[in-house]
Amino acid sequence: MLKYMGYYHLFYQYNPDGPKWGNINWGHAVSKDLVHWHHINQSALAPGPDWYDIYGVWSGSSTLLPDGTPAILYTGWSNISTSTQAQTQNLAVPLNASDPLLRDWVKSPSNPIMNPGKGFNTQNFRDPTEGWVGADGQWRVLIGGTMLKGKGGTAHLYKSRNFVNWTYVQDLQSVNDTGMWECPDFYPVAMEGRDGLDVSTNTVKVKHILKASTRNHDYYTVGTYDSVLETFVADDPELEVGFGMRYDYGKFYASKTFYDKGTSRRILFGWISESDSDADAITKGWSGLQSLPRQIWLDPDTGMDLVQAPVEEVDGLHRDQVFKFNFTLPAGSVMAIEGVHGPQLDIQLEFNKPDMPMNLLFNGTDATSLVGHEVCANGTSHNGLYGPFGVLVLAEKDLMEQTGVFFYLTLAYDGTWKAIVCSDQSRSSMQTDVDKTSYGTYVRVLESDQYLTLRTLVDHSIVETFAQGGRTVITSRVYPTMALNNDAYFYLFNNGTQDISVQSLNAWRMEAAPPDNLEPKI
């Protein structure tokens, strides 16, 4: 991702031969507003003809050079010889930097510009980050890999004076028992406020985020980066990458952020994979999507959570609002919401917190989040004192199909209560050959939080949920067969034994914003 001459540019992995993995090219789409996209070239970067990427153009990142020219670093799947294949890092630049649509790209004659170091696993050496400049004025990037010694993932640090000739320095961070680190990301966040920062910013009022995609999830940790010693130290050793916080507790992987200087935002995109079969993908002719773009910042109240929210441009799709204020959701009830329905919705709920002692300090570890996930596996149909309560989306009128998004409050051993947020796919489809895993985790609720909040955005087969203002996020893929188009409704529900007080409900139908192949007029 980058913004250049007024256009947002999204590059993505794409197979022009079909919807299954293989023959990886880079597709390219542009947008003026992060919502309405136009495909420019579905083979902006293609494999070959040279040896260093003959088998595929894999993930990478874009960087704006000091003169404002964009550059792409990407992984090539190479053929060193008939018996050896290895991953290499390569450079591409625009053929015409004066073209705001960046239609054409050329590969550097210096490729490959980074090769695996001594002892590296040559088949686990990929996905360069955006470049940043350190205190010595030199460029740096991270490459995902596996540890030279041990069984975990690592981030290899490389440096360059000119963005072409790179030297391996050391591993910035490694964590045992985490698996290969794919698609690393490394960027600064302000300790106060929501504004994003340029990737090279590093002051005493800044923390750094190290993120890696591993074990099917995107994990991150908050810490301190020293560009002189080339060290990164996590603030909490128990929340290292792979064992701590996740961007998203559902289907969300291989994400990247970028800094939008014009709006002072750091913006996040992630890949949402399918949960149906390869046969279904072939039938529909495509597979996989990007999430809604999200603004991301460090929660100043905790100093350890990243907060995410759909970018404000998404609100421009709102149509047909329904608003309800200060009402009760009785125990054991299902409440139909009239006036707005369909497969594309934005639903925002504020629940008054029950009058009881809350345990606010969810520790953020992966082990603890898995306990919450197991509770969510019980779905919407079980009942406790407080919950499940929330919303049923993509539901048909007899509720034979429904996807539940809800809170559930559990009593801890110390007599306090913890909040769990869940996305329940168990009854999302009558189709039998789709994954109906339910997702969930504990969510941190602070004393300063006036309400328990849910924002759920529905787009046909995607359900993105932001709890407590985006402190916890869950993305799901669902495949209803009955709750389609005008037969898709939503309901509020409370399956607990206590009434729940609802402060407000705001819901909108969302206008479609399908991508097209029309080149925008400049």
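Start by selecting Lys418 and Tyr442: the lysine lies over the face of the tyrosine, at 5.4 Å from the ring centre. A charge counts as sitting over a ring if NZ of Lys or CZ of Arg is within 6 Å of the ring centre and within 35 degrees of the ring normal. Next, pick Lys284 and Trp286, where the charged end of Lys284 sits over the ring of Trp286, 5.0 Å from its centre.

Before you go on, a word about the model: it is predicted, local features need pLDDT of at least 70, side-chain atom pairs count only at pLDDT 80 or more, and totals for chains, interfaces and linings use all residues. Residues are numbered from 1 along each chain as its sequence is written, and side-chain values use heavy atoms, with hydrogens and water left out.

**Ser438 and its loop**

Now select Ser438, in the loop between strand S29 (417-424) and strand S30 (439-443). Strands are DSSP runs of E with at least two residues, numbered from the N terminus. Ser438 is buried, at a relative accessible area of 7%; buried means under 20%, exposed over 50%, and partly exposed in between, with a 1.4 Å probe and protein chains only. Show what is in contact with Ser438 beyond its neighbours within four places in sequence, and you will find His373, Cys376, Ala377, Ser423, Asp424, Gln425 and Ser426. Contact here means heavy atoms within 4.5 Å. Zoom in on Gln425: its backbone nitrogen lies 3.3 Å from a polar atom of the Ser438 side chain.

Move on to Arg455 in strand S31 (residues 451-459). Is Arg455 buried or exposed? At 16% relative accessibility, Arg455 counts as buried. Display its side chain together with those of Asp315 and Asp346: a polar contact of 3.0 Å joins Arg455 to Asp315, and another, of 2.6 Å, links Arg455 to Asp346. A polar contact is a pair of N or O atoms within 3.5 Å; within protein, one must be able to donate a hydrogen and the other to accept it, and residues adjacent in sequence count only if both atoms are side-chain atoms. Setting aside neighbours within four places in sequence, the residues in contact with Arg455 include Pro310, His318, Glu464 and Phe466.

Two strands pair if DSSP finds at least two bridges between them. Six bridges join S33 to strand S32 (residues 462-467), and the two run antiparallel; one place to look is Glu464, whose bridge partner in S33 is Thr475.

**An enclosed strand**

Select strand S22 (residues 294-298) next: five of its five residues are buried, so S22 is largely enclosed by the rest of the structure. In a regular strand the side chains alternate between the two faces of the sheet. In S22 both faces are covered, with Arg294, Ile296 and Leu298 buried on one side and Gln295 and Trp297 on the other. Two bridges join S22 to strand S20 (residues 265-272), in antiparallel fashion, with Ile267 opposite Gln295. S22 also pairs with strand S23 (residues 306-310), antiparallel over five bridges, and there Arg294 stands opposite Pro310.

**The four-stranded sheet**

Now go to the open sheet of four strands, in the order S5-S6-S7-S8 with antiparallel pairing. Strand S5 (57-64) and strand S8 (105-107) stand at the edges with a single partner strand each, so one side of each has no neighbour in the sheet. The twist averages 30° from one strand to the next. Follow S5 alongside strand S6 (residues 70-77), where six bridges make an antiparallel pair, and find Leu64 opposite Pro70.

**Last stop: aromatic rings**

Finish by colouring Phe11, Trp26, Tyr74 and Trp105, which ring pairs link into a cluster. Rings of Phe, Tyr and Trp (its six-membered ring) pair if their centres lie within 6.5 Å; planes under 30 degrees apart count as stacked, over 60 as edge-to-face and the rest as tilted.

Terms used
Axes fitted to C-alpha atoms, helices over the stretch in contact; angles between N-to-C directions.
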